[in-house]
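Please keep the sequence and the coordinates at hand while reading.

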Amino acid sequence: MPILFDEERCVWALQGSVSTYGLGVDVEGCLRHLYHGASLPRIEDLPAIDPPSPPQTFESLGGPEVRYEYPAWGGMFYGEPCLKATFSDGVRDAQLVYEGHRVSDGAAPELAVDLRDTHYPLRVSLHYRLFEEQDIVERYAVLKNEGEDPIMLEDVLTAAWYVPQGCGYLTHLAGRFAGETQVYREGISPGKKVLESRRGVTSHHANPWFALDRGNATEDTGEVWFGALAWSGNWKIAVDHDAHGHVQVSGGINDFDFSWRLDGGGEFTTPTFVGGHTREGFGGASRNLHRYVLDHLLPSKGPLPVLYNSWEATYFDINEEEQGKMAEKAASLGVELFVVDDGWFGERHDDRRGLGDWRVNRETFSNGLKPFIEKVRSLGMDFGLWVEPEMVNPDSDLYREHPDWIYRFPTRPNTESRNQLVLNLAKVEVRNHLFGVLSGLLSEHDISFIKWDMNRPFSEPGWPQAPRDRQREVWVRHVWGVYELLERLHKRHPRVAFETCSGGGGRVDLGMFRFADQAWVSDNTDPYDRLFIQEGFSIAYPARTMMCWVADPGKWVRGREAPITYRFHSSMMGSLGIGVNLTEWSEKEMGEAREMVEKYKEVRDVIQEGDQYRLLSPRAGDTTAVQYVSRDRSRSLLFVLRSSHRFADPVPTIYLRGLKPDCIYRTTAEVGKVSGAALMRRGTKVSLDGELSSTMVEITEE
Ligand code: GLA
């Protein structure tokens, strides 16, 4: 059993394959963090718990150095709490002490430690699920009101993580629309750095992932502590750093404008927050997370189909005949899934109307969708559809019938963004309506794939019909509503796969990846810009989840001219899609594309399910190199893309990784055979000529 318990000291050790997570109960009954780092196989070796310091001095403990596993605001604690509660008598101080624990076995063994308030009937159970092979600990908390009077929760984060003193270098992902998941790294000084979203959705601006190191970690080496939150609404990761170099990272549902009335007998379960430790740098951290997502989180396994999406080809100007021609062309390229994007429903001829009316537009598809889907199916492809269920245009039948179904403050105008408003998914009638129309659509049609979009952040998040002390629950109830809908749809229509999208990559997180196999990463389809967005994305999420379309220049967001091979190579580094107007492609382009699609299908299992190594970063120079290695290390792929060709410099030598040193490989970059050791130690050379040039090298064990 990889979860050890030392009864005498009341400490636990969670043993991963090469790491240990240790926690224990102090003399006052408080649950404290002991250790997170490289393996300590003997539980006796876990460090002793520092005794609590006398509370009468200014030097007393009270911040990150105390290392409470679940710090509650109360007593002399001044750091970032995971819990802030007000009890029915007005007392605003929580004191959690150890009550008992349970260990359960299973695919992922789990430790649950029960804490209880010393006076009030509030129980907090902290859950730790261990994914041994990936050295990942998944944490969540369950709060239960075991009394009768309500308890107001004003802050319920999921977990606090700790790193050794002095690990003050923070890496995180931030960005913007069309420029998501950019990588930032900084040495942090005393104070608090908060990564968060307050937009109702995960957001383009920050992604709920973090890493900390001592300042010496590289892509390949050094200790890295990292974590990612499974929450798709307002989230917060607070990195609290004191003047002695202690660091505490607390995260979960954002406490901003949040409160929750926990009625007697009620329970509140937080989203999960996964964390891990590696000695193999940022690359090792990514690979561990990737494997966790691939093996334990995503709803399906196996290679994802090559997809065609008509958005950049036709925008709202959809007509059946043209889509039909596009489908024929797509099928001739080897595409496996044909997706009709926005514009197929209601009076949706532009973004000003129709959103909310999920019935087929008879001007666009005169005989409904069925004949068109049959045509797509007869061409040998599956069919997929775009929806944006959480939204409504004021110019829609849905809004005219139910103007009270949106979030609003009665005395404020409803701010429209992209001419739309957000439906109140806290309301059960709204969720039931959406389930009814979406499930109906899926029952009546042969649909295999849904792209679930969400094209604006929240504003005026009021729920006037709810009791005053429940109104701030909308932030959480909305996300639960989305999850509930996805879960119900998934149960009723298990064959249907989902893609998460929010104006590009505005809702990419581990919460959505429980339901969606893939994400639309960005509305920016420029093949060079994408290298930066994809690199950041790959820090946290595996290539299988990263949907990348080959696009034409000058579309939706912009996009520069680039050779078709470069555009394909840039997109083949994730799940491949095609988003161009195929009726405009020449026979030559079609021929090249056909070959690339065929090649992709041959190698996609390595890309989508293998381990990824970021060999040369686009941030570091004009050459990007990314390698993928099959789990059994017998096959590998290397993508090399060059943005410019300054001073006629050759492509730098590329040192491969993850191969078996003693095995002999064939590579398409060299004549003859070569050992894994040579490819990794003396490296390999590729030659690329000119701007935006690229190649894909195949490496196969003999
Ligand atoms: C968002 C998505 C796009 C497309 C449009 C449709 O911007 O990111 O891919 O689906 O909506 O309106």
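This is a predicted model: local features need pLDDT of at least 70, side-chain atom pairs count only at pLDDT 80 or more; totals for chains, interfaces and linings use all residues.

The 14 residues that line the largest cavity divide into seven nonpolar, five polar and two charged.

**The cavity**

- The count of cavities of 30 Å³ or more comes to seven, and the largest cavity holds about 100 Å³ of space.
- Among the residues that line the largest cavity, Leu531, Gln534, Glu535, Gln612 and Val626 lie nearest its centre.
- Two or more lining residues are given by each of helix H8 (529–540), strand S31 (611–616) and strand S32 (623–629), and H8 gives the most to this lining, with four residues.
- The largest cavity lies between domain 2 (307–609) and domain 3 (616–701), because both domains give residues to its lining.

**The ligand**

- The ligand is surrounded by 14 residues, and the closest of these are Asp341, Asp342, Arg418, Lys451 and Asp523.
- By residue class, the shell around the ligand divides into six charged, five nonpolar and three polar residues.
- Asp341, which is listed among the closest residues, has a polar side-chain atom 2.6 Å from an oxygen atom of the ligand.
- For Arg418, also listed among the closest, an N or O atom in the side chain is 2.9 Å from an oxygen atom of the ligand.
- In the case of Asp453, a polar side-chain atom lies 3.0 Å from an oxygen atom of the ligand.
- Of the 310 Å² of accessible area that the ligand has on its own, the protein covers 99%.

Notes. Residues are numbered from 1 along each chain as its sequence is written. Side-chain values use heavy atoms; hydrogens and water are left out. A residue is near a molecule or strand if one of its heavy atoms lies within 4 Å of it. A polar contact is a pair of N or O atoms within 3.5 Å; within protein, one must be able to donate a hydrogen and the other to accept it, and residues adjacent in sequence count only if both atoms are side-chain atoms. Accessible areas come from the Shrake-Rupley method with a 1.4 Å probe; for residues, only the protein chains shown count as cover. Ala, Val, Leu, Ile, Met, Phe, Trp, Tyr, Cys and Pro count as nonpolar, Asp, Glu, Lys and Arg as charged, and the others, Gly among them, as polar. On a 1 Å grid over the protein atoms alone, a cavity is a set of points where a 1.4 Å probe fits but cannot get out, and a pocket is an open set with protein on both sides within 12 Å along at least five of seven lines; lining residues have an atom within 4 Å of a point. Grid points are joined across faces, edges and corners, and a volume is the space filled by probe spheres set on the points. Domain bounds come from an automatic or database domain assignment.
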